[in-house]
Amino acid sequence: MSETVKNRRIAYQGEPGANSHIVCAQHHPEYEAVPCASFEDVFAMVEGGDADLAMIPIDNSLAGRVADIHHFLPASSLHIVGEHFLRITFNLMALPGADESTVRTVHSHVHALGQCRNVIRELGATAVISGDTAGAAREVSESGDITQAALAPPMAAEIYGLEVLRTEVEDEDHNTTRFVVLSRDYVKAPQGKGPVVTSFIFNVRNLPAALYKALGGFATNGVNMTKLESYMVGGEFAATQFLAEVDGHPDDPALSRALEELTFFTTEVKVLGVYPAAPERLRD
């Protein structure tokens, strides 16, 4: 691999060991993973040229959409160039010398605590909210207190020198997060080289049945729409923006006709990305 590729960077929100960091390491190991304090910092880092790609969570099978991202994407100059799915697992970890009998408090992000209620109840421990899961592991490591444990992704134990007391302690085994990869460059997946997803946003005209008519072209052309979400723009109840995803490439005749029909009933259509579908999307 060339030195140029080795020096490229991919930004993510969270501390080292977070789930976003895990996805970066799994799918883009040739990039240096750079942690950021907020999603806004991630977008700014890529837009400003300090990183080449961003790894951003966009949906979770239990919690639904990551709300902040749906507001950053329309205003951003970045493009979606890929997607990855990660099964979310949490390990119970603590300082060396600790065991389950010594644990009195369990630290993690509020969502992680809610997804691991059974193990907390079994231990008879008190849940303590932290800013994020990897940050909880760091805090436990720095505390020097064997009565504290963290619920965090597996990578965090290695990074912060903690011992895993129990693996995969989440209450449900179908907790999955979908991540998208963002780039300054608009890299469109080739047509006819495998399944493709097209993501776009649009605003409907203020006309009766405008949304119904706008979506009609996808139905009549046999295009499968896998996502349709709405949110207000500028705090106005009448100004609604939609984020949609469909199977197919814009150069496919059916999707091309559907997108053309969409423009008759909208004030704006912006394609966010045309990218290969992840293998997990194709599983029954």
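How do α9 and α10 run relative to each other, roughly parallel or roughly antiparallel? Before you decide, keep in mind that you're looking at a predicted model.

**Stop 1: two helices side by side**

Select residues 210–220 for α9 and residues 253–263 for α10. Their axes come within 8 Å and cross at roughly 170°. Angles over 145 degrees count as roughly antiparallel, so that is what α9 and α10 are to each other. Now show the side chains where the two meet: K213, A214, G216, G217, F218 and T220 on α9 face up to L255, A258, L259, E261 and L262 on α10.

**Stop 2: just past α9**

Click on N221, in the loop that links α9 to β13 (225–233). Is N221 buried or exposed? Its relative accessible area is 17%, and the cut-off for buried is under 20%, so N221 counts as buried. Look around and you'll find that N221 touches A254, R257, A258 and E261, leaving aside residues up to four places away in sequence. Zoom in on R257: its side chain and that of N221 are joined by a polar contact of 2.8 Å.

**Stop 3: a β-α-β unit**

Next, select β1 (9–13) and β2 (32–36), plus helix α2, residues 19–27. Together, β1, α2 and β2 make a right-handed β-α-β unit. The two strands run parallel, with 5 bridges joining them; for one of the pairs, pick Q13 and its bridge partner C36 in β2.

Stay with α2 for a moment. N19, S20, H21, I22, V23 and C24 are buried there. What covers them? Among the elements doing so are β1, β2, β3 (53–60) and β5 (79–87), along with α8 (154–160) and β11 (176–183).

**Stop 4: an open sheet**

Now for a sheet of 5 strands, open and with mixed pairing, in the order β8-β7-β9-β6-β10. At its edges sit β8 (126–129) and β10 (163–166), each pairing on one side only. On average, neighbouring strands here are turned by 35° against each other, ignoring direction.

Select β6 (residues 91–94) and you'll see its antiparallel run with β10, joined by 3 bridges. Within that pair, L92 stands opposite R166.

Methods:
Residues are numbered from 1 along each chain as its sequence is written. This is a predicted model: local features need pLDDT of at least 70, side-chain atom pairs count only at pLDDT 80 or more; totals for chains, interfaces and linings use all residues. Side-chain values use heavy atoms; hydrogens and water are left out. Buried means under 20% relative accessible area, exposed over 50%, partly exposed in between (1.4 Å probe, protein chains only). Helices (H or I, at least four residues) and strands (E, at least two) are DSSP runs, numbered from the N terminus. Contact means heavy atoms within 4.5 Å. Two strands pair if DSSP finds at least two bridges between them. A crossover is right-handed if, with the strands pointing away from the viewer, the path from the first strand over the helix to the second runs clockwise. A polar contact is a pair of N or O atoms within 3.5 Å; within protein, one must be able to donate a hydrogen and the other to accept it, and residues adjacent in sequence count only if both atoms are side-chain atoms. Axes are lines fitted to C-alpha atoms, for helices over the stretch in contact, and angles run from 0 to 180 degrees between N-to-C directions. Angles under 35 degrees count as roughly parallel, over 145 as roughly antiparallel, 65 to 115 as roughly perpendicular and the rest as oblique.
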